[in-house]
Amino acid sequence: MIKKKYKRTSSFIFAIVFIISMMPLVAFATENTNEVSNIEIATEVSDSAVEKSSTQKGGNKANMLKGMNVSGIPASNQLAPVNSFMASSSSNGVYNQYMGFLNSTGHSLFLFPIYLDHGQVLHIQMDVPAVSNLDYDLYLYEIDSNNVILGLVDYSLYATYINGASGSLSEAVGVVNKSGSQKIYAAQMVSFSGGSTSIPFYLHVATNTVSDSSEVDENIISSSATPFTLSTNNNTVINSRQRDTLADNDWFVFTAPSGTNSFTISTNEAPVEIYRRTLGDEMILQTSVNTNNSNVQFNTTSGVTYYMRVHTAGRISSLSNSNYSIIFTPVQTITSITLNSSSFSGGTANITYGFGTRYRINSSANLTVSGTALNGSTPVANAAITVTIRNNSFSGTRTGTATTNSNGQFTATVQAPTAAGAHNFLVMTNPTIRHHYDLGEVWATGGTTNSTSTPLYIYSHSTNF
Ligand SMILES: [Ca+2]
Ligand SMILES: [Ca+2]
């Protein structure tokens, strides 16, 4: 149990709740982060129902609220009564935004009653302050018509982790009513750690007719993400889900394939974020993709589990009512290239001049080489390879290109640069015959990876005097 000792700075008792009911779908103004210094934190955790250990946040403990009548909660702890969450004729369902403040550790606010008809889904997303020492969580309860809590329905308990300008991942909860009759819910916003009277949280609350059988999966603390396998050979397409409300969050999970792999990610309508999850339930953003910056390149680390969030709130004003499509296209990364020097053809092997024994190619003659491109120990197919011969005596280069086959093998022909004869070697004394040559080398390149370089002699001409 965390009982951090902080000095109380001034009166923090009174909750200030701003209600922005029926607000049009617009982005809220950016908060001034300098206001962090105004954070006021209670001396002791005060609400035993939401106390949590540092390693396990207590979804079970929230069940201690069972039987409590939320009508008895002081008005200062109620975010707003909501009466509008009834069936909607619009295909976009009903959507409201709210703003509130949690003043101190243990402080909580409630939003109730939220009515949900049979066949409807409720999604609630809480955008938390981008402040590292504030940790807010979100719970969802079913209540009866007398506002008595019947039990915990869902909870979202991420630890705060600031992902740059993106801030900490939003908390999100939801429920589908399959009971056959109307149900009533209450949301609870709780400070697990810290508080602020100046930096608000924002709440997106939305209902609609559910058409996605995988709902609800609003967070990965209380729900399981939908697994998929990421192919390193073919496109991986995720197009089985749709966004049901204007606050929907969907989660997927995949384990990175072996080796160092790279993918481009494109999305046709839904913003996508990819996270790593720490043992302490911090969510560390790896990359984000939206329809404006599709084809983002993403490099995976072998064996790592990644979580993909498809989200909605504040990003769109209408639902497509069709499945969104997210495509991972593998980009083969070459980690090693080998040139097979015994395969060289077009010149003469094992020529010994003044710089040791080398393969010799004539000035401007074609050299054919072969080699293999690998990703770790896996052949890289269909990769573009460039073979370069450089005349080191005169800095001239020429290149040839090839594409690897399914075994990662390639064969390229490249013309040698012109040689002028910077060096000569006496090959015979009677008559006196000298070979004039330049020094050169040949290597292959795929992506940013080069093979080791093989030394060459580039023969220019001979003299016999
Ligand atoms: Ca949290
Ligand atoms: Ca969802």
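This is a predicted model: local features need pLDDT of at least 70, side-chain atom pairs count only at pLDDT 80 or more; totals for chains, interfaces and linings use all residues.

Residues are numbered from 1 along each chain as its sequence is written, and chains are lettered from A and ligands numbered from 1 in the order in which they are written.

**The sheet**
- Five strands make an open sheet in the order β11-β13-β18-β15-β16, with mixed pairing (strands are DSSP runs of E, at least two residues, numbered from the N terminus; two strands pair if DSSP finds at least two bridges between them).
- The edges go to β11 (226–227) and β16 (283–289), each with a single partner strand, so one side of each has no neighbour in the sheet.
- β15 (residues 272–277) runs antiparallel to β16, paired over six bridges, and E273 sits opposite S288 in β16.

**Cis peptide bonds**
- Going from F112 to P113, the peptide bond is cis, with omega near -10°; P113 is in strand β4 (residues 108–116).
- N430 to P431 is also a cis bond, with omega near 5°, and P431 falls in the loop between β28 (423–429) and β29 (432–446).

**Positive phi**
- Most residues other than glycine have a negative phi.
- N147, not a glycine, has a positive phi of about 70° and lies in the loop between β6 (135–143) and β7 (149–156).
- S395 isn't a glycine either, yet its phi is positive at about 65°; its loop links β25 (384–391) and β26 (396–403).
- N147 is partly exposed, with 17 C-beta neighbours inside 10 Å, whereas S395 is exposed, with 8 (exposed is 12 or fewer other C-beta atoms within 10 Å, buried is 20 or more, partly exposed is in between, with C-beta atoms placed from the backbone).

Conventions
Helices (H or I, at least four residues) and strands (E, at least two) are DSSP runs, numbered from the N terminus.
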